[in-house]
Amino acid sequence: TGMVTIDPGYKNTGSCESAVTFLDGEKGILRYRGYSIEELAEKADFLEVAYLLIFGELPNKAQLQKFHNDIKEESQVDEEMKKILDGFPKSAHPMGVLSSLTSALVAFNPTSVDVSSETAMYNSIVRILAKFPVLVAWTLRKKKGLPLDYGDDSLGYVENIHKMMFKRPNQEYKKDPIAIDALDKLLILHADHEQNCSTSTVRIVGSSHAGLFASLSAGISALWGPLHGGANQAVLEMLEAIEADGGDTKKYMAKAKDKDDPFRLMGFGHRVYKNFDPRAKIIKKAADDVLGNLGIQDPILDIAKGLEKEALEDSYFVDRKLYPNVDFYSGIIYRALGIPTEMFTVMFALGRLPGWIAQWREMRLRKEPIGRPRQVYIGENLRSFVPLEKR
Ligand code: CMC
(Lines give C-alpha, C1' and ligand atoms only; values in the text may rest on other atoms or scores of the structure.)
Protein backbone atom coordinates (compact mmCIF):
# COMPACT_ATOMS: atom_id res chain seq x y z
CA THR A 1 0.00 0.00 0.00
CA GLY A 2 3.00 2.30 0.02
CA MET A 3 4.20 4.47 2.88
CA VAL A 4 1.70 6.53 4.80
CA THR A 5 2.86 9.47 6.90
CA ILE A 6 0.54 10.54 9.69
CA ASP A 7 0.08 14.16 10.60
CA PRO A 8 -2.44 14.34 13.45
CA GLY A 9 -4.55 17.47 13.20
CA TYR A 10 -3.01 18.05 9.73
CA LYS A 11 -0.60 20.51 11.34
CA ASN A 12 1.73 20.34 8.40
CA THR A 13 -0.46 19.05 5.59
CA GLY A 14 -1.81 21.20 2.82
CA SER A 15 -5.12 19.85 1.53
CA CYS A 16 -5.52 21.98 -1.58
CA GLU A 17 -4.38 24.92 -3.65
CA SER A 18 -6.60 27.93 -3.09
CA ALA A 19 -6.87 31.47 -4.42
CA VAL A 20 -9.39 32.69 -1.84
CA THR A 21 -7.61 33.73 1.35
CA PHE A 22 -3.97 34.50 2.15
CA LEU A 23 -2.83 34.04 5.71
CA ASP A 24 0.65 34.60 7.16
CA GLY A 25 0.52 33.42 10.75
CA GLU A 26 4.06 34.53 11.62
CA LYS A 27 3.46 38.09 10.54
CA GLY A 28 -0.24 38.26 11.42
CA ILE A 29 -1.45 39.00 7.88
CA LEU A 30 -4.91 38.14 6.52
CA ARG A 31 -6.16 38.98 3.01
CA TYR A 32 -9.28 38.03 1.09
CA ARG A 33 -8.53 37.72 -2.64
CA GLY A 34 -5.53 40.01 -2.12
CA TYR A 35 -7.29 42.76 -0.15
CA SER A 36 -6.11 43.32 3.43
CA ILE A 37 -8.62 42.53 6.16
CA GLU A 38 -7.95 45.96 7.69
CA GLU A 39 -8.98 47.76 4.52
CA LEU A 40 -12.02 45.57 3.90
CA ALA A 41 -13.26 45.94 7.49
CA GLU A 42 -13.01 49.71 7.16
CA LYS A 43 -14.27 50.32 3.63
CA ALA A 44 -16.37 47.42 2.37
CA ASP A 45 -19.74 46.06 3.37
CA PHE A 46 -20.44 42.40 4.04
CA LEU A 47 -22.32 41.69 0.82
CA GLU A 48 -19.47 43.10 -1.28
CA VAL A 49 -17.04 40.95 0.66
CA ALA A 50 -19.24 37.90 0.13
CA TYR A 51 -19.24 38.55 -3.63
CA LEU A 52 -15.49 39.12 -3.60
CA LEU A 53 -14.76 35.87 -1.77
CA ILE A 54 -17.09 33.77 -3.88
CA PHE A 55 -16.45 35.19 -7.35
CA GLY A 56 -12.92 36.51 -6.94
CA GLU A 57 -13.37 40.22 -7.71
CA LEU A 58 -15.10 43.15 -6.04
CA PRO A 59 -18.46 43.73 -7.76
CA ASN A 60 -19.18 46.91 -9.65
CA LYS A 61 -22.42 48.73 -8.88
CA ALA A 62 -24.53 46.83 -11.41
CA GLN A 63 -23.12 43.45 -10.38
CA LEU A 64 -23.72 44.17 -6.71
CA GLN A 65 -27.25 45.32 -7.37
CA LYS A 66 -28.06 42.25 -9.43
CA PHE A 67 -26.56 40.01 -6.78
CA HIS A 68 -28.61 41.69 -4.07
CA ASN A 69 -31.80 41.57 -6.15
CA ASP A 70 -31.31 37.88 -6.87
CA ILE A 71 -30.89 37.29 -3.14
CA LYS A 72 -34.07 39.22 -2.33
CA GLU A 73 -36.00 37.08 -4.85
CA GLU A 74 -35.02 33.97 -2.89
CA SER A 75 -35.51 35.23 0.63
CA GLN A 76 -38.64 33.24 1.43
CA VAL A 77 -38.29 30.06 3.45
CA ASP A 78 -40.93 27.36 3.01
CA GLU A 79 -43.68 27.66 5.65
CA GLU A 80 -43.25 23.96 6.45
CA MET A 81 -39.79 24.76 7.78
CA LYS A 82 -41.47 26.50 10.70
CA LYS A 83 -42.89 23.16 11.83
CA ILE A 84 -39.37 21.78 12.07
CA LEU A 85 -38.30 24.80 14.10
CA ASP A 86 -41.38 24.36 16.31
CA GLY A 87 -40.32 20.81 17.06
CA PHE A 88 -37.23 21.97 18.94
CA PRO A 89 -37.44 22.82 22.63
CA LYS A 90 -36.67 26.46 23.42
CA SER A 91 -33.64 25.25 25.37
CA ALA A 92 -32.08 23.67 22.24
CA HIS A 93 -28.64 25.02 21.41
CA PRO A 94 -29.01 27.38 18.43
CA MET A 95 -26.08 25.76 16.59
CA GLY A 96 -27.83 22.40 16.61
CA VAL A 97 -31.03 24.05 15.42
CA LEU A 98 -29.20 25.93 12.67
CA SER A 99 -27.35 22.93 11.31
CA SER A 100 -30.60 20.89 11.30
CA LEU A 101 -32.56 23.63 9.55
CA THR A 102 -29.80 24.11 6.98
CA SER A 103 -29.81 20.43 6.19
CA ALA A 104 -33.64 20.40 6.12
CA LEU A 105 -33.53 23.16 3.48
CA VAL A 106 -32.26 20.55 1.01
CA ALA A 107 -35.64 18.80 1.17
CA PHE A 108 -37.45 21.99 0.21
CA ASN A 109 -34.90 23.03 -2.43
CA PRO A 110 -33.86 19.77 -4.06
CA THR A 111 -32.28 21.55 -7.01
CA SER A 112 -29.68 22.96 -4.63
CA VAL A 113 -27.75 19.73 -5.20
CA ASP A 114 -27.37 20.44 -8.91
CA VAL A 115 -24.00 21.98 -9.75
CA SER A 116 -23.89 20.76 -13.33
CA SER A 117 -23.57 24.31 -14.67
CA GLU A 118 -22.27 27.65 -13.41
CA THR A 119 -25.87 28.91 -13.49
CA ALA A 120 -27.14 26.06 -11.32
CA MET A 121 -24.27 26.70 -8.93
CA TYR A 122 -24.99 30.44 -8.86
CA ASN A 123 -28.65 29.76 -8.10
CA SER A 124 -27.78 27.54 -5.14
CA ILE A 125 -25.35 30.14 -3.82
CA VAL A 126 -27.90 32.95 -4.05
CA ARG A 127 -30.56 30.76 -2.50
CA ILE A 128 -28.51 29.95 0.59
CA LEU A 129 -27.25 33.53 1.02
CA ALA A 130 -30.92 34.55 0.99
CA LYS A 131 -32.37 31.88 3.25
CA PHE A 132 -29.59 31.40 5.78
CA PRO A 133 -30.09 34.81 7.48
CA VAL A 134 -33.80 33.98 7.83
CA LEU A 135 -32.90 30.75 9.62
CA VAL A 136 -30.42 32.62 11.83
CA ALA A 137 -33.05 35.21 12.73
CA TRP A 138 -35.67 32.54 13.41
CA THR A 139 -33.23 30.69 15.67
CA LEU A 140 -32.68 33.87 17.68
CA ARG A 141 -36.39 34.71 17.83
CA LYS A 142 -37.19 31.23 19.02
CA LYS A 143 -34.62 31.62 21.83
CA LYS A 144 -36.16 34.93 22.79
CA GLY A 145 -39.76 33.71 22.45
CA LEU A 146 -40.54 36.26 19.73
CA PRO A 147 -42.84 35.56 16.75
CA LEU A 148 -41.01 34.81 13.50
CA ASP A 149 -40.46 37.71 11.16
CA TYR A 150 -39.57 38.14 7.51
CA GLY A 151 -37.28 40.73 6.06
CA ASP A 152 -37.87 43.95 4.20
CA ASP A 153 -36.63 44.22 0.60
CA SER A 154 -36.00 47.94 0.91
CA LEU A 155 -33.19 47.34 3.42
CA GLY A 156 -29.52 46.52 2.88
CA TYR A 157 -28.42 42.91 3.37
CA VAL A 158 -27.05 43.37 6.89
CA GLU A 159 -29.69 45.92 7.85
CA ASN A 160 -32.29 43.36 6.90
CA ILE A 161 -30.60 40.71 9.02
CA HIS A 162 -30.68 43.12 11.94
CA LYS A 163 -34.37 43.79 11.32
CA MET A 164 -35.26 40.12 11.09
CA MET A 165 -33.44 39.47 14.35
CA PHE A 166 -34.59 42.39 16.43
CA LYS A 167 -37.88 43.81 15.19
CA ARG A 168 -40.31 43.83 18.09
CA PRO A 169 -43.89 42.77 17.41
CA ASN A 170 -46.26 45.74 17.02
CA GLN A 171 -43.42 48.20 16.76
CA GLU A 172 -41.90 49.97 13.79
CA TYR A 173 -38.41 48.70 13.00
CA LYS A 174 -35.90 51.38 13.90
CA LYS A 175 -32.64 51.41 11.97
CA ASP A 176 -29.69 51.35 14.30
CA PRO A 177 -26.58 52.52 12.40
CA ILE A 178 -24.14 51.78 15.23
CA ALA A 179 -25.37 48.21 15.61
CA ILE A 180 -25.51 47.61 11.86
CA ASP A 181 -22.03 48.98 11.36
CA ALA A 182 -20.66 46.77 14.11
CA LEU A 183 -22.46 43.74 12.71
CA ASP A 184 -21.14 44.45 9.22
CA LYS A 185 -17.60 44.63 10.52
CA LEU A 186 -17.88 41.47 12.61
CA LEU A 187 -19.34 39.51 9.70
CA ILE A 188 -16.55 40.70 7.37
CA LEU A 189 -13.88 39.70 9.90
CA HIS A 190 -15.34 36.19 10.13
CA ALA A 191 -16.02 35.73 6.41
CA ASP A 192 -13.13 33.41 5.58
CA HIS A 193 -10.03 31.91 7.13
CA GLU A 194 -8.63 29.42 4.62
CA GLN A 195 -8.53 25.72 5.55
CA ASN A 196 -9.80 25.86 9.14
CA CYS A 197 -11.74 22.98 10.71
CA SER A 198 -15.24 23.90 9.46
CA THR A 199 -14.06 24.92 5.99
CA SER A 200 -12.11 21.69 5.60
CA THR A 201 -15.30 19.91 6.67
CA VAL A 202 -17.36 21.71 4.04
CA ARG A 203 -14.77 20.82 1.40
CA ILE A 204 -14.48 17.17 2.42
CA VAL A 205 -18.26 16.65 2.56
CA GLY A 206 -18.64 18.49 -0.75
CA SER A 207 -15.88 16.39 -2.26
CA SER A 208 -18.24 13.40 -2.22
CA HIS A 209 -20.53 15.56 -4.39
CA ALA A 210 -23.06 15.95 -1.61
CA GLY A 211 -24.84 19.26 -2.27
CA LEU A 212 -23.92 22.72 -1.03
CA PHE A 213 -26.53 22.90 1.74
CA ALA A 214 -25.61 19.48 3.15
CA SER A 215 -21.92 20.44 3.09
CA LEU A 216 -22.70 23.70 4.89
CA SER A 217 -24.73 21.91 7.51
CA ALA A 218 -21.68 19.74 8.29
CA GLY A 219 -19.54 22.88 8.45
CA ILE A 220 -21.90 24.38 11.02
CA SER A 221 -21.50 21.30 13.20
CA ALA A 222 -17.72 21.58 12.98
CA LEU A 223 -17.85 25.26 13.88
CA TRP A 224 -19.92 24.52 16.98
CA GLY A 225 -17.02 23.09 19.03
CA PRO A 226 -15.33 25.27 21.68
CA LEU A 227 -11.90 24.83 20.10
CA HIS A 228 -13.24 26.45 16.93
CA GLY A 229 -16.22 28.84 16.55
CA GLY A 230 -17.71 27.81 19.89
CA ALA A 231 -14.81 29.68 21.50
CA ASN A 232 -16.73 32.97 21.34
CA GLN A 233 -19.45 31.59 23.61
CA ALA A 234 -16.82 29.94 25.82
CA VAL A 235 -14.89 33.25 26.15
CA LEU A 236 -17.90 35.13 27.42
CA GLU A 237 -18.85 32.36 29.82
CA MET A 238 -15.27 32.39 31.08
CA LEU A 239 -15.28 36.18 31.55
CA GLU A 240 -18.61 35.98 33.38
CA ALA A 241 -17.27 33.24 35.62
CA ILE A 242 -14.21 35.35 36.45
CA GLU A 243 -16.42 38.33 37.21
CA ALA A 244 -18.70 36.24 39.44
CA ASP A 245 -15.56 34.99 41.18
CA GLY A 246 -14.58 38.52 42.18
CA GLY A 247 -12.55 39.37 39.07
CA ASP A 248 -9.52 37.35 40.13
CA THR A 249 -7.76 37.10 36.75
CA LYS A 250 -4.50 35.83 38.34
CA LYS A 251 -6.27 32.70 39.56
CA TYR A 252 -7.51 31.88 36.05
CA MET A 253 -4.12 32.61 34.52
CA ALA A 254 -2.64 30.06 36.93
CA LYS A 255 -5.31 27.52 35.98
CA ALA A 256 -4.62 28.04 32.27
CA LYS A 257 -0.92 27.34 32.81
CA ASP A 258 -1.49 24.28 35.00
CA LYS A 259 -1.07 21.18 32.82
CA ASP A 260 -3.16 19.10 35.25
CA ASP A 261 -6.07 21.49 34.85
CA PRO A 262 -8.07 21.14 31.63
CA PHE A 263 -8.95 24.87 31.74
CA ARG A 264 -7.61 26.91 28.83
CA LEU A 265 -7.69 30.62 28.40
CA MET A 266 -10.48 30.73 25.85
CA GLY A 267 -9.94 33.16 22.99
CA PHE A 268 -6.17 32.70 23.20
CA GLY A 269 -3.90 30.79 20.88
CA HIS A 270 -4.32 29.78 17.28
CA ARG A 271 -3.12 26.96 15.06
CA VAL A 272 -1.73 29.36 12.46
CA TYR A 273 -1.21 32.76 14.10
CA LYS A 274 1.98 32.87 16.12
CA ASN A 275 1.56 36.60 16.38
CA PHE A 276 -1.38 38.90 17.00
CA ASP A 277 -4.51 37.75 15.16
CA PRO A 278 -5.12 40.80 12.94
CA ARG A 279 -8.86 40.34 13.41
CA ALA A 280 -8.47 40.56 17.19
CA LYS A 281 -6.82 43.98 16.87
CA ILE A 282 -9.72 45.31 14.81
CA ILE A 283 -12.33 43.75 17.07
CA LYS A 284 -10.73 45.07 20.24
CA LYS A 285 -10.98 48.61 18.88
CA ALA A 286 -14.52 47.98 17.64
CA ALA A 287 -15.53 46.75 21.11
CA ASP A 288 -14.24 50.00 22.61
CA ASP A 289 -16.06 52.06 19.94
CA VAL A 290 -19.37 50.21 20.09
CA LEU A 291 -19.58 50.20 23.86
CA GLY A 292 -18.59 53.88 23.90
CA ASN A 293 -21.15 54.82 21.25
CA LEU A 294 -23.91 52.87 22.93
CA GLY A 295 -22.93 54.32 26.31
CA ILE A 296 -22.43 50.87 27.80
CA GLN A 297 -19.92 50.21 30.56
CA ASP A 298 -19.31 46.51 30.73
CA PRO A 299 -17.04 45.30 33.55
CA ILE A 300 -16.35 42.24 31.42
CA LEU A 301 -14.45 44.36 28.91
CA ASP A 302 -12.11 45.43 31.71
CA ILE A 303 -11.61 41.82 32.76
CA ALA A 304 -10.80 40.89 29.15
CA LYS A 305 -8.26 43.70 28.86
CA GLY A 306 -6.73 42.72 32.21
CA LEU A 307 -6.37 39.09 31.12
CA GLU A 308 -4.86 40.10 27.80
CA LYS A 309 -2.30 42.34 29.48
CA GLU A 310 -1.29 39.64 31.94
CA ALA A 311 -1.06 36.97 29.25
CA LEU A 312 1.07 39.13 26.96
CA GLU A 313 3.55 39.63 29.82
CA ASP A 314 3.57 36.02 30.99
CA SER A 315 6.39 33.74 29.84
CA TYR A 316 4.03 30.73 29.45
CA PHE A 317 2.00 32.58 26.84
CA VAL A 318 4.97 34.44 25.35
CA ASP A 319 7.03 31.25 24.89
CA ARG A 320 4.14 29.45 23.21
CA LYS A 321 3.27 32.49 21.11
CA LEU A 322 -0.30 32.56 22.39
CA TYR A 323 -2.07 35.79 21.47
CA PRO A 324 -5.72 36.83 21.60
CA ASN A 325 -7.66 35.47 18.63
CA VAL A 326 -10.78 36.69 16.79
CA ASP A 327 -13.06 35.25 19.46
CA PHE A 328 -11.54 37.05 22.43
CA TYR A 329 -13.42 40.34 22.04
CA SER A 330 -16.22 39.53 19.58
CA GLY A 331 -18.61 38.27 22.28
CA ILE A 332 -18.38 41.55 24.15
CA ILE A 333 -19.74 43.32 21.07
CA TYR A 334 -22.46 40.72 20.47
CA ARG A 335 -23.51 41.10 24.09
CA ALA A 336 -23.68 44.89 23.73
CA LEU A 337 -25.91 44.39 20.67
CA GLY A 338 -28.36 42.29 22.70
CA ILE A 339 -27.45 38.91 21.23
CA PRO A 340 -27.70 36.04 23.76
CA THR A 341 -24.45 34.21 24.54
CA GLU A 342 -25.68 30.92 23.07
CA MET A 343 -26.19 32.71 19.74
CA PHE A 344 -22.60 33.91 19.37
CA THR A 345 -21.42 30.94 17.32
CA VAL A 346 -24.47 31.31 15.09
CA MET A 347 -23.26 34.84 14.32
CA PHE A 348 -19.87 33.38 13.45
CA ALA A 349 -21.60 30.93 11.08
CA LEU A 350 -23.48 33.78 9.43
CA GLY A 351 -20.20 35.56 8.82
CA ARG A 352 -18.37 32.43 7.64
CA LEU A 353 -21.09 31.47 5.14
CA PRO A 354 -19.50 33.26 2.12
CA GLY A 355 -16.12 31.72 2.93
CA TRP A 356 -17.54 28.21 3.08
CA ILE A 357 -19.37 28.83 -0.20
CA ALA A 358 -16.28 30.29 -1.88
CA GLN A 359 -14.12 27.32 -0.84
CA TRP A 360 -16.76 24.79 -1.85
CA ARG A 361 -17.21 26.47 -5.24
CA GLU A 362 -13.46 26.57 -5.83
CA MET A 363 -13.21 22.89 -4.91
CA ARG A 364 -15.99 21.90 -7.33
CA LEU A 365 -14.74 24.10 -10.19
CA ARG A 366 -11.26 22.65 -9.84
CA LYS A 367 -12.79 19.17 -9.94
CA GLU A 368 -10.93 18.06 -6.85
CA PRO A 369 -10.97 14.35 -5.99
CA ILE A 370 -12.91 12.96 -3.05
CA GLY A 371 -11.18 13.64 0.28
CA ARG A 372 -10.12 10.32 1.68
CA PRO A 373 -7.12 10.25 4.04
CA ARG A 374 -5.22 7.07 4.88
CA GLN A 375 -4.27 5.65 8.29
CA VAL A 376 -1.66 3.55 10.02
CA TYR A 377 -3.40 0.50 11.47
CA ILE A 378 -2.47 -0.26 15.11
CA GLY A 379 -5.17 -2.84 16.03
CA GLU A 380 -5.19 -6.62 16.52
CA ASN A 381 -3.67 -9.04 14.03
CA LEU A 382 -5.86 -11.75 12.49
CA ARG A 383 -7.65 -13.84 15.13
CA SER A 384 -10.39 -16.51 15.15
CA PHE A 385 -13.99 -15.82 15.98
CA VAL A 386 -15.04 -16.97 19.50
CA PRO A 387 -18.69 -18.13 19.79
CA LEU A 388 -20.83 -16.12 22.24
CA GLU A 389 -21.11 -18.94 24.83
CA LYS A 390 -17.31 -19.23 25.01
CA ARG A 391 -16.63 -15.52 25.69
N1 CMC B 1 -4.63 28.42 27.16
C2 CMC B 1 -3.60 27.77 27.73
N3 CMC B 1 -2.68 27.07 27.06
C4 CMC B 1 -2.82 26.99 25.73
C5 CMC B 1 -3.87 27.62 25.06
C6 CMC B 1 -4.80 28.36 25.81
N7 CMC B 1 -5.83 28.96 25.22
N8 CMC B 1 -3.77 27.38 23.72
C9 CMC B 1 -2.68 26.63 23.57
N10 CMC B 1 -2.09 26.39 24.79
C11 CMC B 1 -0.84 25.64 25.01
C12 CMC B 1 -1.06 24.13 24.89
O13 CMC B 1 -1.42 23.59 26.14
C14 CMC B 1 0.27 23.67 24.39
O15 CMC B 1 1.16 23.70 25.48
P16 CMC B 1 2.36 22.62 25.58
O17 CMC B 1 3.21 22.87 24.38
O18 CMC B 1 3.03 22.94 26.88
O19 CMC B 1 1.70 21.28 25.57
C20 CMC B 1 0.71 24.79 23.42
O21 CMC B 1 0.05 25.96 23.95
C22 CMC B 1 0.32 24.58 21.98
O23 CMC B 1 -1.11 24.36 21.92
P24 CMC B 1 -1.82 23.26 21.04
O25 CMC B 1 -3.10 22.87 21.69
O26 CMC B 1 -0.86 22.17 20.69
O27 CMC B 1 -2.11 24.10 19.71
P28 CMC B 1 -3.17 23.77 18.59
O29 CMC B 1 -2.68 24.46 17.38
O30 CMC B 1 -3.44 22.30 18.51
O31 CMC B 1 -4.51 24.46 19.12
C32 CMC B 1 -6.17 26.08 19.58
C33 CMC B 1 -4.93 25.72 18.75
C34 CMC B 1 -6.80 27.34 19.03
C35 CMC B 1 -7.18 24.92 19.51
C36 CMC B 1 -5.74 26.30 21.05
O37 CMC B 1 -4.85 27.39 21.13
C38 CMC B 1 -6.92 26.51 21.99
O39 CMC B 1 -7.51 25.54 22.48
N40 CMC B 1 -7.31 27.81 22.29
C41 CMC B 1 -8.48 28.10 23.07
C42 CMC B 1 -9.73 27.94 22.23
C43 CMC B 1 -9.91 29.08 21.23
O44 CMC B 1 -9.79 30.24 21.57
N45 CMC B 1 -10.25 28.72 19.99
C46 CMC B 1 -10.53 29.69 18.92
C47 CMC B 1 -9.51 29.63 17.85
S48 CMC B 1 -9.58 31.04 16.72
C49 CMC B 1 -11.09 31.06 15.90
C50 CMC B 1 -11.62 29.75 15.50
O51 CMC B 1 -10.95 28.87 14.98
O52 CMC B 1 -12.84 29.60 15.66
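In this predicted model, the chain is divided into two parts: domain 1, made up of residues 18-225 together with 343-365, and domain 2, which covers residues 231-336. Between the C-alpha centres of domain 1 and domain 2 the distance is 26 Å. Where they touch, domain 1 contributes 20 residues and domain 2 contributes 22 residues.

On the side of domain 1 that touches domain 2, at least two residues come from each of β2 (29-32), α1 (37-43), α8 and α17 (344-365). The most is given by α8, with 6 residues. Sorted by class, this side of domain 1 holds 12 nonpolar, 4 polar and 4 charged residues.

Helix α8 (residues 177-190) packs with helix α13 (residues 278-294), their axes being 11 Å apart and at an angle of about 170°. Angles over 145 degrees count as roughly antiparallel, and α8 and α13 are therefore roughly antiparallel to each other. From α8, the residues Ile178, Ala182, Lys185 and Leu189 take part in the contact, and they meet Arg279, Ile282, Ile283, Ala286, Val290, Asn293 and Leu294 of α13. The contact of α8 with α13 comprises 8 nonpolar, 1 polar and 2 charged residues.

Conventions. Residues are numbered from 1 along each chain as its sequence is written. This is a predicted model: local features need pLDDT of at least 70, side-chain atom pairs count only at pLDDT 80 or more; totals for chains, interfaces and linings use all residues. Axes are lines fitted to C-alpha atoms, for helices over the stretch in contact, and angles run from 0 to 180 degrees between N-to-C directions. Helices (H or I, at least four residues) and strands (E, at least two) are DSSP runs, numbered from the N terminus. Angles under 35 degrees count as roughly parallel, over 145 as roughly antiparallel, 65 to 115 as roughly perpendicular and the rest as oblique. Two residues are in contact if their C-beta atoms, placed from the backbone, lie within 7 Å. Ala, Val, Leu, Ile, Met, Phe, Trp, Tyr, Cys and Pro count as nonpolar, Asp, Glu, Lys and Arg as charged, and the others, Gly among them, as polar. Domain bounds come from an automatic or database domain assignment.
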